[in-house]
Amino acid sequence: MLKFSQIKLPKFNKKSAIIAASIVLVLLFVIAIFRSMPSKITLLEYDNFLQAGAIQNAIIDGDSVIIKALNRSYIIPKEMISLSELGQRVAVESSGDGGLIWVILILMLLAVVAFVVIKFTPLIKVAKKPQEKSESANLLESVSNQITPVVSDISFNDVAGIKDVKSELIEIVDFLKNPTKYSNLGIKMPKGVLMVGPPGVGKTLIAKAVAGEANVPFFYQSGANFVQIYAGMGAKRVRELFSMAKTYAPSIIFIDEIDAVGKARGGNRSDEREATLNQLLTEMDGFLSSSGVVVIAATNKIEMMDEALLRSGRFDRRIFVGMPDISDRNDILSIYLQGKRHSVDIGFVARSTTGFSGAALATLVNEAAINALRNGREIINNDDFKAVENRVIDGKKHLHSLSQNEKQIQAIYQSAKALMAEFCGINFNQISLLNDKFGASDTFLSSKSDLLGLIKVHLAGICAMNLITGELYTNSKNDIKIAKNIARELVMEYGMGDRIMPSDDETRELLERIRSEVNGLIDKMRSEIDALAKFLLENELASRADVIMIIQRINNG
Ligand code: ADP
């Protein structure tokens with residue numbers, strides 16, 4: 001029978017084992033002390049021991065006598081007994097230290113207890129799986145004055161997919177493990193790593209995995225809290241955070257939603273946010289990369305970030321974490337189905353969950369397991385996934401999963417862009433139904449031909465929709481914006497238009513001219529677009545090599 005406990009298996013935590021062992025040790029210690037503490041006896045009992053010859057030794061301790069009989073200690077007031085009579089039976093020692101020994105033992109016990117409490121209190125909190133804490137508990141913890149690190153038991157194995165991200169972070173892990181190795185060689189590590197990506201793709205999880213792999217404490221703070229909760233104290237909080245992290249170094253500071261603090265200044269200014277941001281900048285500049293503190297920040301709105309935060313020496317390393325592609329989704333689903341009895345076609349579920357983030361997939365698996373349980377089944381099957389898919393999507397409106405029709409539209413739209421890029425010599429690595437990235441990101445200069453090519457790429461989708469389906473869709477919004485921006489800059493700022501003193505009309509004319517050119521090109525590319533769209537529908541993803549292969553296949557008949 002499938003049990004609820006199987007749905008989320010609590011992990012075995014190394015730290016909880018240490019705490020449990022310490023508690024057992026303290027208990028044993030207490031029992032040992034109580035067992036060896038002398039118990040009071042009456043004169044009658046004493047006499048019985050004396051007459052039976054059961055007394056093994058005796059120690060005078062101030063006004064009392066401690067005797068050992070039948071392997072236990074007893075205490076009796078000195079004036080109640082005859083010391084000379086006792087002396088005839090056993091050796092009577094005089095010890096003024098007896099009390100002192102007890103005092104020392106008790107002090108030692110207190111020291112052990114205090115050590116365990118101080119050292120492991122934060123760990124006890126973490127052992128309760130931080131990500132499952134209720135929101136109010138999170139809030140309570142964050143408003144409490146104490147900044148405490150958590151110790152992460154998450155490793156890279158718990159993060160599915162995103163191989164490139166992991167390989168970028170391995171170096172940071174090594175640095176946190178051996179900061180001196182790097183400082184000895186004079187190697188400066190980046191102080192800050194900025195993770196950029198939509199919500200739920202695992203940015204926090206990745207940061208925790210870095211801490212877990214390096215086995216260093218992890219300080220979590222949400223950018224929004226600085227501004228909303230610590231009203232008037234954001235800057236102070238930042239200062240305390242860094243000072244605490246340095247005390248615990250090597251350590252990781254993780255600032256979630258950093259854009260809340262580092263929102264571009266201007267517009268609706270907030271003194272509070274500005275003070276917090278300035279403090280953050282001061283702290284980032286003030287600590288040495290050799291101090292062993294690495295700041296990892298996450299945002300899904302890099303375009304909203306204050307430029308000062310992005311300036312060199314602060315968040316020098318940027319890591320883009322995208323929505324999981326089909327193979328990532330496969331891995332994520334496998335992780336969450338591990339240890340559960342199922343007959344699920346993981347490949348099928350992965351294919352039908354385009355647009356699901358890692359967080360949504362985790363929820364989906366959990367809901368499917370609950371569905372199986374509700375229907376009295378021990379094994380989770382494909383139907384459980386079908387039954388709950390819509391619920392997960394409805395519950396998370398921002399995750400838009402694509403219908404078959406939407407997939408077809410996206411496939412044509414994206415294919416047209418990729419083929420246009422290949423035709424115009426615009427660089428790209430891969431395209432998917434939802435994502436693409438065109439143009440070299442690391443060049444210093446762009447030529448007029450590059451810019452014209454980019455405009456053609458961003459107009460290709462809308463032109464293809466018009467020509468092939470006779471309908472237009474809202475998916476063109478972003479591309480049109482980019483095309484307009486490039487055209488405006490080309491004409492107005494770079495002087496690449498017909499006139500040095502251009503007008504808006506010239507930008508408009510340029511865009512219209514390019515649009516008709518693109519229409520002509522798209523018309524000639526229809527067989528390639530059809531073939532690539534079919535490939536994208538099946539694989540959801542096409543590398544540049546796939547695109548070239550499809551072009552060659554069509555051209556060779
Ligand atoms: P973000 O910080 O990007 O908003 P989180 O790290 O908070 O996302 O992800 C939320 C949850 O989603 C994680 O705790 C985990 O359960 C799941 N998750 C997201 N991405 C992945 C992934 N790549 N592998 C495994 N689980 C993931």
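Helices (H or I, at least four residues) and strands (E, at least two) in this tour are DSSP runs, numbered from the N terminus. Keep in mind as you click around that this is a predicted model.

**Stop 1: a loop residue at Glu540.** Select helix H23 (526-539) and strand S13 (541-543); Glu540 sits in the loop between them. Check its backbone: phi is positive, about 70 degrees, although Glu540 is not a glycine. Is Glu540 buried or exposed? With a relative accessible area of 8%, Glu540 is buried, as the cut-off for that word is under 20%.

**Stop 2: Asn215.** Now move to the loop between helix H9 (203-214) and strand S8 (217-222), where you will find Asn215. Here is another non-glycine residue with a positive phi, this time of about 60 degrees. For context, most residues other than glycine have a negative phi, and most peptide bonds are trans.

**Stop 3: a cis peptide.** Next, select Ala249 and Pro250, which are joined by a cis peptide bond with omega of about -5 degrees. Pro250 belongs to the loop that runs between helix H11 (234-247) and strand S9 (251-256).

**Stop 4: the ligand.** Select the ligand and show its surroundings: the shell holds 15 residues, and Gly200, Lys203, Thr204, Leu205 and Tyr336 are the closest. A polar backbone atom of Gly200 is 2.8 Å from a ligand oxygen, and a polar backbone atom of Gly202 is 3.1 Å from a ligand oxygen. For Lys203, a backbone N or O atom lies 2.8 Å from an oxygen of the ligand. On its own the ligand has 560 Å² of accessible area, and the protein covers 82% of it.

Which elements give two or more residues to this shell? They are H9, helix H15 (326-337) and helix H17 (358-374). H9 has the largest share, with three residues. Colour by domain instead, and at least three shell residues come from each of domain 2 (147-320) and domain 3 (326-395).

**Stop 5: a five-stranded sheet.** Finish with the open sheet whose strand order is S1-S4-S3-S2-S5, with mixed pairing. Strand S1 (39-40) and strand S5 (92-94) are at the edges with a single partner strand each, so one side of each has no neighbour in the sheet. Zoom in on S1 and strand S4 (residues 72-77), which pair in the parallel sense over two bridges. Here you can pick out Lys40, which stands opposite Ile75 in S4.

Terms used. Residues numbered from 1 in each chain as written. Predicted model: local features only at pLDDT ≥ 70, side-chain atom pairs only at ≥ 80, totals over all residues. Heavy atoms only, no water. Near = heavy atom within 4 Å. Polar contact = N/O pair within 3.5 Å; in protein donor to acceptor, adjacent residues only side chain to side chain. Areas by Shrake-Rupley, 256 points an atom, 1.4 Å probe, with all protein chains shown as cover. Domains from an automatic or database assignment. Pairing = 2+ DSSP bridges. Buried < 20%, exposed > 50% of the residue type's maximum accessible area, 1.4 Å probe, protein only.
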